[in-house]
Amino acid sequence: MNSQEFVRLINPFKDKVYRLAKRLLVSAEEAEDATQEVMMRLWNKNDSLEQYNSVEALAMTITKNYCLDQLKSKRASQLTLEHHQYADKQAGVLRHIEAYDNLQWMERGLNELPEQQKLIIQLRDIEQYEFSEIAQILDMNETAIRVALSRGRKAIREYMTKTHQYGISSN
């Protein structure tokens, strides 16, 4: 496989690789490094990529494993939170601030989840993967993924509810 064919093959999912890496590593710089490393690993396997049913699933699995390895290393303790994803120019200033605040609280709730639930929510709700694809990437059965997804969503919902009801008495 030449470089042009390789680029055509990975182009449709390279942004998904970056987003998954960013979700796990938090830092944009670390996510860029992880994405580059995943692409290098795929390039090193370019002669055998045709044997895989889904190169995208392979890339996501490599990304997950690489990021988890990075989180285990000493460098992970130095990461900083950077989030600039929300921008709604049509909303009023107050709505914008409230939405941004909700996004920050949602992010905090997501970050408090166990690593597996965080990964499943990222893959299903953000990246829009099917349960069968997630099962292949995480090497789990679909029922376990559905249960973990449900528990993760419930935990975030409870976290958000608790956050919004703080200081409000039920008298």
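Guide: Gln122 counts as buried, at 1% relative accessibility, where buried means under 20% relative accessible area, exposed means over 50% and partly exposed covers the range in between, with a 1.4 Å probe and protein chains only. This is a predicted model, in which local features need pLDDT of at least 70 and side-chain atom pairs count only at pLDDT 80 or more, while totals for chains, interfaces and linings use all residues. Residues are numbered from 1 along each chain as its sequence is written, and side-chain values use heavy atoms, with hydrogens and water left out.

Gln122 belongs to helix H6, which runs over residues 115-126; helices (H or I, at least four residues) and strands (E, at least two) are DSSP runs numbered from the N terminus. Leaving aside residues up to four places away in sequence, Gln122 touches Arg19, Leu20, Arg23 and Glu127, a contact being heavy atoms within 4.5 Å. An α-helix has 3.6 residues a turn, so residues three or four places apart point the same way. From its first C-alpha to its last, H6, with twelve residues, reaches 15 Å, close to the 16 Å expected at 1.5 Å a residue, the expected span being 1.5 Å times one less than the number of residues.

The packing of H6 against helix H7 comes next. Two packed helices are described by the angle between their axes and the distance between the axes. For H6 and H7 the angle is about 140° and the axes are 10 Å apart; the axes are lines fitted to C-alpha atoms, for helices over the stretch in contact, and angles run from 0 to 180 degrees between N-to-C directions. H6 and H7 are therefore oblique to each other, given that angles under 35 degrees count as roughly parallel, over 145 as roughly antiparallel, 65 to 115 as roughly perpendicular and the rest as oblique. On the H6 side Leu119, Ile120, Leu123 and Arg124 take part, and they meet Phe131, Ile134, Ile137 and Leu138 of H7. By class this contact has seven nonpolar, no polar and one charged residues, with Ala, Val, Leu, Ile, Met, Phe, Trp, Tyr, Cys and Pro counted as nonpolar, Asp, Glu, Lys and Arg as charged, and the others, Gly among them, as polar.

Just after H6, Gln128 takes a positive phi of about 65°, and Gln128 is a residue other than glycine. Gln128 sits in the loop between H6 and H7 (131-138) and is exposed, with a relative accessible area of 57%. A further positive phi, near 55°, occurs at Asp139, also a residue other than glycine. Asp139 lies in the loop between H7 and helix H8 (142-164), where it counts as exposed at 72% relative accessibility.

The axes of helix H1 (residues 3-10) and helix H3 (residues 28-44) come within 11 Å and cross at roughly 130°, which makes H1 oblique to H3. The crossing of H1 and H3 is right-handed, and their contact is made by Ser3, Phe6 and Ile10 of H1 with Met39, Leu42 and Trp43 of H3. These residues divide into five nonpolar, one polar and no charged. Met39, which lies in H3, is buried at a relative accessible area of 13%, and beyond four places in sequence it touches Phe6, Ile10, Lys14 and Val17. The buried residues of H3, among them Ala31, Val38 and Met39, pack against H1, helix H2 (14-25) and helix H4 (55-72).

For the setting as a whole, the protein chain has eight helices and zero strands, and 36% of its 171 residues count as buried. Of the contacts with a separation of 6 or more, 65% join residues 24 or more positions apart.

Methods: A crossing is left-handed if the near helix is turned anticlockwise from the far one by less than a right angle, and right-handed if clockwise.
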